Amino acid sequence: MSDEQELGITESKQYNTGEWYAEVVQKAGLANYGPEGMSGFIVTRPRGYALWESIQNYLDAEFKKTGVQNAYFPLFIPESYLEREKDIVEGFDPEVAWVTHGGHEELEERLAVRPTSESIIAPYMARWVRSHRDLPLRVNQWASVVRWEATETKPFFRTKEFLWQEGHTAHETRDGAWDETMTRLSQYQSLYEDVLAIPVLRGAKPEHDKFPGADTTTTVEALMPDGKSVQAGTSHYLGTSFAEAFDLTYTTEDEDEEPAHTTSWGLSWRSLGALIMTHSDDQGLVLPPTIAPEQVVIVPIWQADTQEKVLDYAEDIADELEAAGVRVELDARDERNPGFKFNEWELKGVPVRFEIGPNEVDDDVVTAVHRPDGESVELDRENIAEAVEEQFDEVYAKLYAAAEENLEANVREASARNEILGTIGQHGGYVKAPWCGDEDCEDEIKDQIAAEIVMVPLNDEDAEIHDGEDCAVCGDDAEETAYFAKSY
């Protein structure tokens with residue numbers, strides 16, 4: 001991405017979604033592509049990283065409320081550690097980057113650049129756990145991982161290196177570990193729905209697509225405006241397989257030795273991709289007030305004879321908002337006209353703009369403009385800090401409602417193979433269909449239209465759809481409901 005480009009978005013979200021997305025990421029100052037010759041890597045700019053920090057801060061606080069402690073584990077994992085859990089090796093082998101030399105010396109053992117950390121965290125958890133009194137044990141790390149899979153870079157959605165958190169826990173019982181799995185899934189759902197203004201669907205991954213070595217992989221899925229699904233966060237009940245592989249055992253009250261039940265759960269900066277894709281428009285980035293680096297931008301509008309009184313009025317308001325904890329930016333640049341400032345701050349996604357001219361000063365009011373739709377409202381100067389919070393709520397509600405409408409309109413049902421193909425081909429979105437549970441039936445859809453089963457209901461909530469019905473693909477008895485979709 002070049003920094004030297006004209007201000008404003010030239011691509012269409014509706015007709016050229018990929019090019020539009022890349023342009024928004026660049027021109028809103030979120031990221032650049034990595035150095036030439038390093039396909040699949042990006043440089044995250046301060047504005048983009050600020051968004052990631054907001055997600056970190058929210059989740060970190062939620063995790064700590066439920067007994068999670070942060071830790072950090074090495075970036076490199078000895079090959080022998082990976083091999084102790086065969087499913088990890090088989091599941092990630094094509095994506096693992098290997099270090100074979102340190103300086104000029106060849107290493108005695110290859111080191112993997114972590115694709116995930118179960119195989120290095122579990123052995124240390126095993127050292128820390130001796131008896132049932134040490135459980136539950138909950139640790140989390142904020143880190144980067146490398147998966148050598150990305151061929152075409154899509155910033156935040158698909159890169160070889162990406163930022164995420166990965167949590168790992170150990171428990172005495174299956175019920176304890178399962179409750180943990182659901183707690184983390186609910187926290188991910190809350191992040192999307194209460195912070196990012198994106199409704200999600202909850203479910204489980206089909207057996208053939210669960211995390212390598214896991215008993216059950218649960219997921220929250222977010223639907224993008226172009227009809228594709230985003231795996232927005234996953235929480236895994238790992239059973240006892242990792243504990244058995246890494247000797248993570250505990251002594252019961254009866255002095256018996258038992259393997260712990262473990263979980264792992266992670267959310268990456270793909271959440272930023274979903275945020276950008278869902279809300280932004282052909283004018284640029286759109287952010288909900290909950291996460292925006294600047295919640296309000298104040299643009300004073302003056303002539304030479306009114307400059308002093310307009311700026312004094314605007315500065316007083318900025319000070320009051322800042323004292324109330326509002327993230328505010330006063331744009332008093334003299335070398336840029338108001339129209340340029342409006343466009344620039346719209347491009348950067350600031351949720352609310354205050355326009356203050358001599359008329360506003362004389363009337364003791366502020367003109368507030370909502371970024372998502374340009375709605376303009378007049379606010380009394382008195383109690384402006386309380387009034388702007390109401391505007392934030394309105395902007396958030398608008399963003400959530402639009403995303404919710406997109407989701408509700410794009411969950412459709414099908415009972416036959418051609419209906420699945422035709423519906424996804426014409427509309428995109430999710431297609432619910434009865435499914436026999438055989439991976440071959442997914443492959444048939446995937447081969448023809450590049451759609452896959454992104455989730456199945458967690459608690460068989462849709463049993464009435466497939467009870468006594470046939471698989472929509474092969475005609476055998478259906479066992480569950482599958483949600484088919486194209487995905488990022």
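**Ground rules**

I number residues from 1 along each chain as its sequence is written, and I use heavy atoms for side-chain values, leaving out hydrogens and water. Since the model is predicted, I ask for pLDDT of at least 70 for local features and 80 or more for side-chain atom pairs, while totals for chains, interfaces and linings use all residues.

**Confidence**

I began with pLDDT, the predictor's confidence in each residue, from 0 to 100. The mean for the protein is 94, and 97% of its residues reach 70 or more. I marked residues 1-5 for caution, as pLDDT stays under 50 there. For that stretch the model has 13 contacts beyond four places in sequence, where contact means heavy atoms within 4.5 Å.

**Helix 1**

My helices (H or I, at least four residues) and strands (E, at least two) are DSSP runs, numbered from the N terminus. I call a residue buried under 20% relative accessible area, exposed over 50% and partly exposed in between, with a 1.4 Å probe and protein chains only.

How many residues of helix 1 are buried? I found 9 of the 11 in residues 17-27, so helix 1 is largely enclosed by the rest of the structure. The buried ones are T17, W20, Y21, A22, E23, V24, V25, Q26 and K27. They pack against strand 1 (31-33), helix 8 (270-279) and helix 10 (338-348). After helix 1 comes G29, with a positive phi near 75 degrees.

Among the buried residues I noted R270 and H279. The cover over them includes helix 1, helix 2, helix 6, strand 11 (229-239), strand 14 (261-268) and helix 12.

For the packing of helix 1 on helix 8 I read an angle of about 110 degrees, with the axes 11 Å apart. Axes here are lines fitted to C-alpha atoms, for helices over the stretch in contact, and angles run from 0 to 180 degrees between N-to-C directions. Helix 1 brings T17, W20, Y21, V24 and V25 to the contact, and helix 8 brings G273, I276 and M277. By class I get 6 nonpolar, 2 polar and no charged residues. In this scheme Ala, Val, Leu, Ile, Met, Phe, Trp, Tyr, Cys and Pro are nonpolar, Asp, Glu, Lys and Arg are charged, and the others, Gly among them, are polar.

**Helix 2 on helix 6**

At what angle do helix 2 (residues 46-65) and helix 6 (residues 174-195) cross? I read roughly 140 degrees, and the axes come within 11 Å. Helix 2 and helix 6 are therefore oblique to each other. From helix 2 I listed I55, Y58, L59, E62 and F63, and from helix 6 R184, Q187, Y188, S190, L191 and V195. This contact has 7 nonpolar, 2 polar and 2 charged residues.

**Helix 13**

In helix 13 (residues 417-427) I found I420, L421, T423 and I424 buried. They pack against strand 20 (411-413), strand 21 (430-435), helix 14 (439-449) and strand 23 (480-485). G428 follows the helix, and its phi is positive, near 70 degrees.

A reminder to myself: most residues other than glycine have a negative phi, and most peptide bonds are trans.

- I found a cis peptide bond joining L135 and P136, with omega about 0 degrees. P136 sits in the loop between helix 5 (118-128) and strand 7 (137-146).
- F156 is not a glycine, yet its phi is positive, about 75 degrees. F156 lies in the loop between strand 7 and strand 8 (161-171), and its 1% relative accessibility makes it buried.
- D364, also not a glycine, has a positive phi of about 60 degrees. D364 is in the loop between helix 11 (358-363) and strand 18 (365-370), and at 41% relative accessibility it counts as partly exposed.

I located N406 in helix 12 (residues 384-409). Leaving aside neighbours within four places in sequence, N406 contacts L223, M224 and P225. From N406 to E419, 13 residues apart along the chain, the C-alpha atoms are separated by 21 Å.

Key: Angles under 35 degrees count as roughly parallel, over 145 as roughly antiparallel, 65 to 115 as roughly perpendicular and the rest as oblique.
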